[in-house]
Amino acid sequence: MAKEEPRSISRDLQELQRKLTLLIEFFQNNPKVIAFTKSPVGQYLDRHPFLALALLVFIVTSAVPVGFFLLLVILTTLVALVGVIILEDH
C-alpha cells in the first residue's frame with residue numbers, strides 16, 4: 001500500500017502539470033494576448049519582468065477595494081430604491 005501512494009502522487013502531479021501546460025498554451029495562443037505582446041507596451045513589459053510583476057500585483061490588490069466600493073454603491077442604490085418605493089406607497 002505504501003508503494004501505491006507515491007505513484008498516485010506522481011500521477012496527480014503529472015496530471016496537474018499537463019493541465020497547467022494546456023492552460024499556458026491556451027493563453028499564449030489567444031489572439032488578444034498575441035496582439036498585446038506585439039504592442040509597444042507588451043514588448044516593454046517583456047523586457048522588464050519585475051515591472052510587469054509589480055504592475056500585476058498592483059492591479060490585483062487594487063481590484064479588491066474597488067470591488068468592495070462598487071458593491072457598496074450597488075447595495076446603497078438598491079436600499080435607496082426600496083426606501084423610495086416604500087415611502088411612496090404609504
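View 1. P40 counts as exposed, with a relative accessibility of 66%, because a residue is called exposed when its relative accessible area is over 50%. This residue, like every other in these views, belongs to a predicted model. P40 has its place in helix α3. Between the C-alpha atoms of P40 and R11 there is a separation of 42 Å; along the chain, these two residues are 29 residues apart.

**View 2. The crossing of helices α3 and α4.** Helix α3 covers residues 40-47, and helix α4 covers residues 49-89. The axes of the two helices come within 5 Å and cross at roughly 110 degrees. Helix α3 is therefore roughly perpendicular to α4, since angles of 65 to 115 degrees are placed in that class. On the side of α3, the contact is made by Y44, L45, D46 and R47. On the side of α4, P49, L51, A52 and L55 take part in the contact.

**View 3. A nonpolar patch on the surface.** The patch is formed by I9, L13, L16, L20, L23, F26, F27 and V33. Together, these residues have about 770 Å² of accessible area. Helix α1, which spans residues 4-28, gives the most to the nonpolar patch, with 7 residues.

**View 4. F26 within the nonpolar patch.** F26 lies in helix α1 and is one of the residues that form the nonpolar patch. Is F26 buried or exposed? The relative accessible area of F26 is 54%, so this residue is exposed, the limit for that term being over 50%.

Key
Residues numbered from 1 in each chain as written. Predicted model: local features only at pLDDT ≥ 70, side-chain atom pairs only at ≥ 80, totals over all residues. Heavy atoms only, no water. Patch = residues over 30% accessible without salt bridge, like charges linked within 9 Å, V, L, I, M, F, W, Y side chains within 5 Å. Areas by Shrake-Rupley, 256 points an atom, 1.4 Å probe, with all protein chains shown as cover. Salt bridge = Lys/Arg side-chain N within 4 Å of Asp/Glu carboxyl O. Helix = DSSP H or I, 4+ residues; strand = E, 2+ residues; numbered from the N terminus. Buried < 20%, exposed > 50% of the residue type's maximum accessible area, 1.4 Å probe, protein only. Axes fitted to C-alpha atoms, helices over the stretch in contact; angles between N-to-C directions. Parallel < 35°, antiparallel > 145°, perpendicular 65-115°, else oblique. Contact = heavy atoms within 4.5 Å.
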